[in-house]
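Hi,

Here is the structure I promised to send over. Have a look first, and then read on for what turned up in it.

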Amino acid sequence: MRRIQPTLINFSIFGQLDLMSGDTLISDKGIIHTKREVCDICGNVCQYNGSSNIGKHILTTSSNSFLRKGQQYCSTCDKTIQVDNKWIDNMVTSFNEYVATQIISLSDKLSEDDIVTHLKNTMSIEISKSTVHNIISKSNEDLTNLEFDYKIEEGFYGYDEQFLMIDGKRAYRIVFYDIANNKVIYEDIVYKFSKKILQEIIIKVFPKTEPKPKGFVVDMKLEYPSAFRNVFGKKIKIQFCIFHLNKLILKEYSDALKIGKKVKWTLMHYYNMYCLFNIFYNRSFELNRLKKLMKHLEEFKMKLTKEKILFYVNKYKIKYNDHGRQREEVVEIIEKKLMKSFRKILHDKRNLRKKRKITLEIRSIESAKKKFENIQYEKSIFPLKIQKRIEKIKKNFEFFIASEGEVITNNKLEGFFGSTLKKFRKKGRKSLLSFSALLKRKRAQCEGIKLFRKFTIFEISKIFTVLSFLAQ
Ligand SMILES: [Zn+2]
């Protein structure tokens, strides 16, 4: 056999590919041999004898390179001998792992077609869609057996369920969230759901051990308190999510103010709505701002002379001729500007809170009760829909203050829900297996569990060096 020898030109490649020791030899035909074997029957040294395979591997199409495995022959016994070739095995493994790592990592965000395109466009790696599909499916199946450990602590847990369609079927995604440690402890997808099933899941997730959870933050569904109480007893604290309540109030307010397709907000409506937001959180900053803006508007109205109206009619190109109508229009435009400035203040304030990592101040139970009492006195100022909402809050007030201010929203959980679901919808992957796998990958990431191998630059360099060295 004529073998490729290290030369001044390929010297560094020989070093990089572990070919210097002479344990692995590459013939001039590109066959990869090991040292000559000793025949275990007669004890003679064997001869090199071509290759036992055509050497195709996952990157052959992309690089036109082959890993032909050398075989040997004992002329005394007239016997062909297949030898172990660790060098080839390691290369094949690293090629496969490299491609699988790329595909699985990309599969969080891209569809199978997009992955094929991405690999081709960025690395000239040609992998068929069916190979991509098989690698993802295999990984998805492996993930079904992956279980996560969690410890129950004496704190608050968030619970939520999310309705979705998988394979055209209604499904429910169930999540329990450890609020203090900011992580999911249980996640499942079920096709059938009822209060009884929820109770069974609660028992499964929180077996009868100490410590017990202090309570749960849930949406405002009335069957939740009784489901949790049936499992844990009456003392378990059930806190309704205030963020959820406020979102509802905003929606109901907009609905109530709808005329045709437009929602007719005024500063006064803003103010009244923030009075509701001010029950459980301290929103006095926003209320004071709104008061100032309303005062500003009143003063503007008082000082609005005929000359001034004419000025604004020209400035804003108001088309009405009637003076009264013109005046109304000017006031409306200015009020809209003031509302816009309020939204900007809100926006900036929220960003500032995020930056400084501070949250809104939660009111004490006493203070919340007092604020709510005041709301009830002046209930008639609110639209009917909101009056009904106030009634409902009154009826279930205990659930809005249950945690005594320790935790009053499921915001962290909502953020988690949203980000995973968006990915699922975007990718158009609709099978239960792939969705469950997506959730498990996300969770593994949170838990710091590695699901695929991370390659160093040097390992990648070695892979591509081998490919180009063996390319034909
Ligand atoms: Zn022999």
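Which residues have the most contacts inside the largest nonpolar core? Keep in mind that this is a predicted model. The core in question has 48 residues, and the ones with the most contacts inside it are Tyr 157, Tyr 177, Phe 216, Val 217, Val 218, Phe 280 and Phe 400. If you click on Tyr 157 and ignore its neighbours within four places in sequence, you'll find it in contact with Phe 176, Tyr 177, Asp 178, Ile 179, Pro 213 and Phe 216. There is also a second, separate core of 19 residues, which includes Ile 31, Leu 59, Val 99 and Val 132. As a general point, nonpolar side chains in soluble globular proteins tend to be buried together.

Now the overall picture. The chain has 18 helices and 12 strands. Its radius of gyration is 35 Å, whereas the globule rule gives 23 Å for 472 residues, so the chain is more spread out than a compact globule. Along the principal axes, the C-alpha atoms fill a box of roughly 115 × 65 × 40 Å. Of the 472 residues, 23% count as buried. Looking at contacts with a separation of 6 or more, 62% are between residues 24 or more positions apart.

Start with H3, residues 86-107. With 22 residues at 1.5 Å a residue, H3 should span 32 Å, and its end C-alpha atoms are 31 Å apart, which agrees. Its buried residues are Trp 87, Met 91, Phe 95, Tyr 98, Val 99, Gln 102, Ile 103, Ile 104 and Ser 107. They pack against strands S1 (24-26) and S2 (31-34), and against helices H4 (112-123), H5 (129-144) and H18 (457-470).

Which residues of H13 are buried? They are Ala 368, Phe 372 and Ile 375. These cover an arc of only 50° around the axis, which puts them on the same side of H13. In general, an α-helix has 3.6 residues a turn, so residues three or four places apart point the same way. On the other side of H13, Glu 366, Glu 373, Asn 374 and Tyr 377 are exposed. The cover over the buried residues of H13 includes helices H9 (267-277) and H14 (384-395).

Cheers

Terms used. Residues are numbered from 1 along each chain as its sequence is written. This is a predicted model: local features need pLDDT of at least 70, side-chain atom pairs count only at pLDDT 80 or more; totals for chains, interfaces and linings use all residues. Helices (H or I, at least four residues) and strands (E, at least two) are DSSP runs, numbered from the N terminus. The radius of gyration is taken over C-alpha atoms; the globule rule is 2.2 Å times the number of residues to the power 0.38. A residue is buried if 20 or more other C-beta atoms lie within 10 Å of its own, exposed if 12 or fewer, and partly exposed in between; C-beta atoms are placed from the backbone. Two residues are in contact if their C-beta atoms, placed from the backbone, lie within 7 Å. The expected span of a helix is 1.5 Å times one less than its number of residues. The arc is that of the directions from the helix axis to the C-beta atoms. A nonpolar core is a set of buried Ala, Val, Leu, Ile, Met, Phe, Trp, Tyr and Cys residues joined through C-beta atoms within 7 Å.
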